[in-house]
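Good morning, and thank you for coming. Please look at the sequence and the model as I speak.

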Amino acid sequence: MTTLRNVHIIDVDSAAIGDAVDIDFADTIATISPAESDALTNGFVLPGLIDTHVHLKSREPLVGALRSGLTTLVDLGTHPDSLVEDFRSDHGIPGIVSAGSAASAPGSSQIEVMGFPVESGVTGPDDAERFLDWREAGGADLIKIIIEDPDATEVPALDIPTLRTLVDGAHDRGLLTVAHAVTPGAFDRGLEAGVDVLTHVPFGARLSEATISRIVETGTIVSPTLVMMRAIADARLGEHADSAFALALSNVRALHAAGARIIAGTDANETPFAPVPHGASLHDELGYLIDAGMAAAEAIRSATSGAADALGLSDRGRIVEGGRADLLVLGTDPLADLEDLRTPAEVWVGGVQVSD
C-alpha cells in the first residue's frame with residue numbers, strides 16, 4: 001500500500017479543491033481520509049489524463065505520453081490485434097482501450113492505402129455481424145466506423161443501412177461506437193446511424209445549426225481532434241491552412257456554446273504525412289479547446305471524468321475510493337495555469353509510479 005500524504009484533490013467535476021487528505025492505494029484507491037499532518041501541502045492531485053483518440057505503433061512514444069500525465073489511451077485504429085495485446089500487457093505505458101481495426105467500405109483508403117486488413121471492409125448490412133464477430137473475437141472494447149460523405153469525396157463509403165446495422169449490432173453487444181467523420185455530411189450520416197461519438201471536426205465548411213442542435217438533442221459526443229485538424233491543414237492546404245483551422249475552431253466553439261458534450265482526443269500517430277506526437281499533443285488539444293471557449297476546468301474535465309463517462313470507463317477519470325489509482329501530483333494548481341499540467345511531479349498508473 002502506498003500513501004500520498006497531505007495533498008489536495010482537485011474535484012474535476014466541480015473544479016473545487018478539497019481540504020488536505022491522505023490517499024492510500026495499491027492498484028486501486030483504498031481510502032481517502034483527512035490528512036494526519038498539519039505540515040505544508042505536498043501538492044495537488046488530479047486523475048490521470050485520457051486521450052480519446054490515438055493510434056499505436058511503437059512503445060517509446062507511449063512511455064513519453066505516460067510521463068506527460070496520460071494514463072489511458074483510446075486506440076481507434078491499430079492492427080494486427082496481437083500488437084494491441086502486446087501493448088495491453090505492458091505495464092510501463094498507459095492503459096489501453098482499443099477498437100483495433102475500423103469498419104470501412106471495401107476499397108477504402110484505410111484498406112488500400114493504410115494497410116488495414118481486408119476483413120475490416122463491410123460489404124453491406126448482411127456483412128455487419130461478420131465484422132462485429134471478428135472485432136469481438138479480437139478483444140475490441142468499442143467499435144470504430146469510418147463514415148465518408150459520398151457527396152464530398154470519391155472514396156468508397158458505407159451506406160446508411162450498413163452504418164445503422166453496425167451501430168445497432170455493436171449496441172446489442174454492449175459496445176459503444178466511434179465514427180470518423182470530417183465533413184458536415186459525414187456528421188449528419190453519423191447522426192442518422194445513431195453513433196455514440198463523432199471524432200474529428202470539419203474544417204472545410206461550417207456545421208449547420210440543425211446538425212449542432214441534433215448533436216445536443218441526441219447527446220452525441222464529439223472528440224474534435226483539433227491538433228490533427230491543424231496538422232492536416234498544414235500538410236495539405238498551404239496558405240489556406242490558417243483559415244481552415246480557424247473554421248474548425250469556430251465549429252467547436254459553436255458546439256460548445258450550444259451545450260454539446262466535447263471530449264479531448266488528438267489522433268496521435270507516427271505517420272510521416274501528418275504526425276501528431278503522443279502526450280504533448282493532448283496538452284495542445286486542451287489549449288485549443290480553451291481557444292474554442294472552454295474554461296480551464298472544462299478542458300481538464302474533457303480529458304478526465306468527461307472522457308471516462310463518454311466511453312463508459314467507470315473505474316477512472318475521478319479520484320474516488322475503489323477507483324483505479326491513476327493519479328497525477330502537481331506542485332501547483334493546474335486550474336490557475338494549465339501549462340503546469342504538462343509536467344506533473346509524479347505520475348501513477350494503476351498504482352505504479354512512473355520513473356524517469
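I begin with Ala 181. Setting aside its neighbours within four places in sequence, Ala 181 is in contact with Ile 147, Ala 186, Phe 187, Leu 198, Thr 199, His 200 and Val 201. Please bear in mind throughout that this is a predicted model. Where does Ala 181 lie? It lies in the loop between β9, residues 177–180, and α6, residues 184–193. Is Ala 181 buried or exposed? Its relative accessible area is 0%, and because buried means under 20%, Ala 181 counts as buried.

Gly 64 and Ala 310 are separated by 246 residues in sequence and by 25 Å in space, from C-alpha to C-alpha. Gly 64 belongs to helix α1, which covers residues 59–67. Its relative accessibility is 26%, so Gly 64 is classed as partly exposed.

Which residues touch the most other members of the largest nonpolar core? They are Ile 145, Leu 166 and Leu 341, in a core of 82 residues. I shall take Leu 341 as the example. Leaving aside its neighbours within four places in sequence, Leu 341 is in contact with Leu 46, Leu 49, Ser 68, His 283, Leu 286, Ile 300, Leu 328, Leu 330 and Pro 334. You will recall Ala 310 from the pair it forms with Gly 64 in the comparison of sequence and space.

Helix α9 spans residues 241–258, and helix α10 spans residues 280–291. The axes of α9 and α10 come within 9 Å and cross at roughly 70°. Angles of 65 to 115 degrees count as roughly perpendicular, and α9 is therefore roughly perpendicular to α10. On the α9 side, Phe 245, Leu 249, Val 252 and Arg 253 take part; they meet Tyr 288, Leu 289 and Asp 291 of α10. Sorted by class, this contact of α9 with α10 has 5 nonpolar residues, no polar residues and 2 charged residues.

The next partner is helix α7, residues 209–218. How far apart are the axes of α7 and α9? They are 10 Å apart, and the two helices pack at an angle of about 45°. For that reason α7 and α9 are oblique to each other. Their crossing is right-handed. Ile 212, Ile 215 and Val 216 of α7 meet Ala 254, Leu 255 and Ala 258 of α9. The contact of α7 with α9 consists of 6 nonpolar residues, with no polar and no charged ones.

The crossing of α8 and α9 is right-handed. From α8, the contact involves Leu 226, Met 229, Arg 230, Ala 233 and Asp 234; from α9, it involves Ala 241, Asp 242, Ala 244, Phe 245, Ala 248, Leu 249 and Val 252. By class, the contact of α8 with α9 has 9 nonpolar, no polar and 3 charged residues.

I shall finish with some details of the backbone. Thr 225 is found in the loop between β11, residues 221–223, and α8, residues 226–236. Thr 225 has a positive phi of about 45°, although it is not a glycine. With a relative accessible area of 0%, Thr 225 is buried. Asn 6, in strand β1, residues 2–11, also has a positive phi, near 55°, and is a residue other than glycine. At 4% relative accessibility, Asn 6 counts as buried.

Finally, which two residues does a cis peptide bond join? They are His 79 and Pro 80, and omega is about -5°. Pro 80 is placed in the loop between β6, residues 70–75, and α2, residues 81–88. Thank you for your attention.

How values were computed: Residues numbered from 1 in each chain as written. Predicted model: local features only at pLDDT ≥ 70, side-chain atom pairs only at ≥ 80, totals over all residues. Heavy atoms only, no water. Core = buried A, V, L, I, M, F, W, Y, C linked by side-chain atoms within 4.5 Å. Buried < 20%, exposed > 50% of the residue type's maximum accessible area, 1.4 Å probe, protein only. Contact = heavy atoms within 4.5 Å. Axes fitted to C-alpha atoms, helices over the stretch in contact; angles between N-to-C directions. Helix = DSSP H or I, 4+ residues; strand = E, 2+ residues; numbered from the N terminus. Parallel < 35°, antiparallel > 145°, perpendicular 65-115°, else oblique. Nonpolar A, V, L, I, M, F, W, Y, C, P; charged D, E, K, R; others polar. Left-handed = near helix turned anticlockwise from the far one by under 90°.
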